[in-house]
Amino acid sequence: MSESPDQQPVAALIILAAGAGTRMKSRKSKVLHEVAGRSMLGWAVHAANGVHPQRLSVVVGHLAEQVSEYLHEFAPEATTALQAEQHGTGHAVKCGLDPMGEFSGEVVVTYGDVPLLSAETLQALVSEHRTAANAVTVLTARVPDPTGYGRIVRDASGRIVEIVEDRDADESQKQIDEINSGIYVFDAELLRAGLAQLGSSNAQGEQYLTDVLGYAVSRDLPVGGYVTEDPWETEGVNDRQQLARLDREANRRQLVRWMKAGVTIVDPLSTRITADVGLGIDVTLQPGTILSGATTVGDGAEIGPDTRLHDTEVGAEASVIRTEANLAVIGERAVVGPFTYLRPGAELGAGAKAGAFVEVKASTIGEGAKVPHLSYIGDTTIGERANVGAGTIVANYDGVAKHRTLIGKASFIGCGTTLIAPVEVAAGTYIAAGSTITEAVPAGDLGVARGRQRNVEGWVAKRRAGTRTAAAAEEAASGSSPVGE
């Protein structure tokens with residue numbers, strides 16, 4: 001079956017990402033700042049992939065090495081083109097085209113700092129360009145306050161005849177509410193010819209890409225526009241306030257999408273879900289929940305309140321309360337929290353528990369096993385149905401290297417135990433409370449490792465005379481309750 005015209009790839013797509021972004025006041029490239037957990041450039045590449053470009057070029061300039069390194073990891077299919085000196089959008093597109101060589105077809109131009117632009121809108125823009133057989137098609141929007149944007153000037157018939165930059169617009173043109181997004185589809189031959197004749201006789205002394213549209217109009221070539229119904233998709237980011245504004249809107253859209261998909265979000269204002277999170281049906285997110293990275297949550301699980309999960313897998317029907325987790329796996333029906341810290345490599349089996357004030361690192365807690373409270377479990381394998389008492393510490397680090405501990409299935413570790421790794425506690429074993437275990441404990445044994453208690457008679461009267469403790473001791477010795485009731 002052949003592709004429909006709307007599914008056919010475009011010949012090339014150029015993302016402009018060379019700007020200095022000075023208003024961000026950052027050591028990081030502006031386009032690498034994140035919106036909804038993904039860099040703005042990442043969003044641009046994601047949208048670009050919606051039109052299946054045969055050639056994808058990203059024009060870099062300021063902090064070019066940073067951007068290139070990011071692209072090498074995130075979008076290895078993209079090539080980079082250096083705009084060493086920024087002389088305007090027209091000059092940037094020239095830089096993007098040069099490494100591509102000769103080709104025919106459509107060239108889409110987008111920006112690396114317009115994070116809410118969607119693949120669907122790019123597809124609609126390309127479809128309009130093809131349907132109308134245009135030489136140039138521009139994405140536009142109507143906004144209540146067009147200040148700062150280029151204005152779309154149409155003739156009496158509605159044809160686009162000019163784009164005027166805000167700083168070059170006269171008073172009548174400033175009243176136009178239809179704005180230029182800066183996102184275009186060009187015929188490649190027309191684009192090359194238009195770029196070749198660009199000048200810089202404007203307020204900024206730059207080569208404007210908008211003048212290519214004027215070049216097409218002057219030759220009576222068809223120029224059209226696609227008006228998006230969602231002006232957010234045309235908004236760029238120049239400073240941290242705009243970054244926060246678009247991030248908030250992107251998060252709102254994520255929440256709406258998941259609520260429509262069957263997720264209960266108790267308080268959307270305090271909940272954050274980034275772009276690559278996956279959620280099952282009947283998941284409940286309590287207030288203060290933050291889900292980021294490649295986190296997935298299974299059907300019917302409940303997360304929060306006050307929980308942050310990053311790159312964490314949560315099984316169906318699990319409960320995770322007031323927890324910080326990173327690169328962890330939480331099995332089906334497992335219970336985590338409150339005030340629990342799951343570090344990378346923590347893995348809980350089905351029905352397992354990591355309770356209040358428990359920290360787990362690079363360890364497996366087997367199916368049905370429990371670490372209910374006040375424990376540190378590091379580099380440890382805990383067998384199924386084992387129970388680890390309160391205050392248990394696995395001493396896994398000797399100052400030079402980390403060592404592993406094994407706790408066998410159905411074992412019972414008494415409260416206040418310290419396990420000095422490497423050590424193995426076999427299945428079906430008991431450890432007496434307060435023990436410090438340094439040697440293996442065979443199956444079925446009771447491990448006891450603590451000093452014998454002795455009481456030094458009269459020590460308080462001799463060493464702490466005159467204190468309130470001594471007074472209480474004297475009162476107790478006279479026949480009152482030994483606890484002073």
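Predicted model: local features only at pLDDT ≥ 70, side-chain atom pairs only at ≥ 80, totals over all residues.
The largest pocket has a volume of about 1,500 Å³. Its lining comprises 41 residues, and those nearest the pocket centre are Lys-30, Thr-89, Tyr-111, Asp-113 and Asn-238. Two or more lining residues are contributed by each of β1 (12-17), α3 (89-97) and β10 (178-187), with β10 providing the largest share, four residues. By class, 19 residues of this lining are polar, 13 are nonpolar and nine are charged.

Of the 15 residues that line the second largest pocket, Trp-43, Leu-116, Ser-118, Arg-253 and Gln-254 lie nearest its centre. Helices α1 (40-48), α4 (119-132) and α8 (240-260) are the elements that give two or more residues to this lining, and α8 gives the most, with four residues. The lining of the second largest pocket contains seven nonpolar, three polar and five charged residues. Because domain 1 (12-234) and domain 2 (251-447) both give residues to this lining, the second largest pocket lies between the two domains.

Helix α6 (residues 188-196) packs against helix α7 (residues 210-218) at an angle of about 105°, with the two axes 9 Å apart. An angle of 65 to 115 degrees counts as roughly perpendicular, and α6 and α7 are therefore roughly perpendicular to each other. On the α6 side, the contact is made by Leu-190, Leu-191, Ala-193, Gly-194 and Leu-195, and on the α7 side by Val-212, Tyr-215 and Ala-216. Seven residues of this contact are nonpolar, one is polar and none is charged.

Key
Residues numbered from 1 in each chain as written. Heavy atoms only, no water. Axes fitted to C-alpha atoms, helices over the stretch in contact; angles between N-to-C directions. Parallel < 35°, antiparallel > 145°, perpendicular 65-115°, else oblique. Contact = heavy atoms within 4.5 Å. Nonpolar A, V, L, I, M, F, W, Y, C, P; charged D, E, K, R; others polar. 1 Å grid on protein atoms, 1.4 Å probe; cavity = no way out; pocket = protein on both sides within 12 Å on 5 of 7 lines; lining within 4 Å. Points joined across faces, edges and corners; volume = space filled by probe spheres on them. Domains from an automatic or database assignment.
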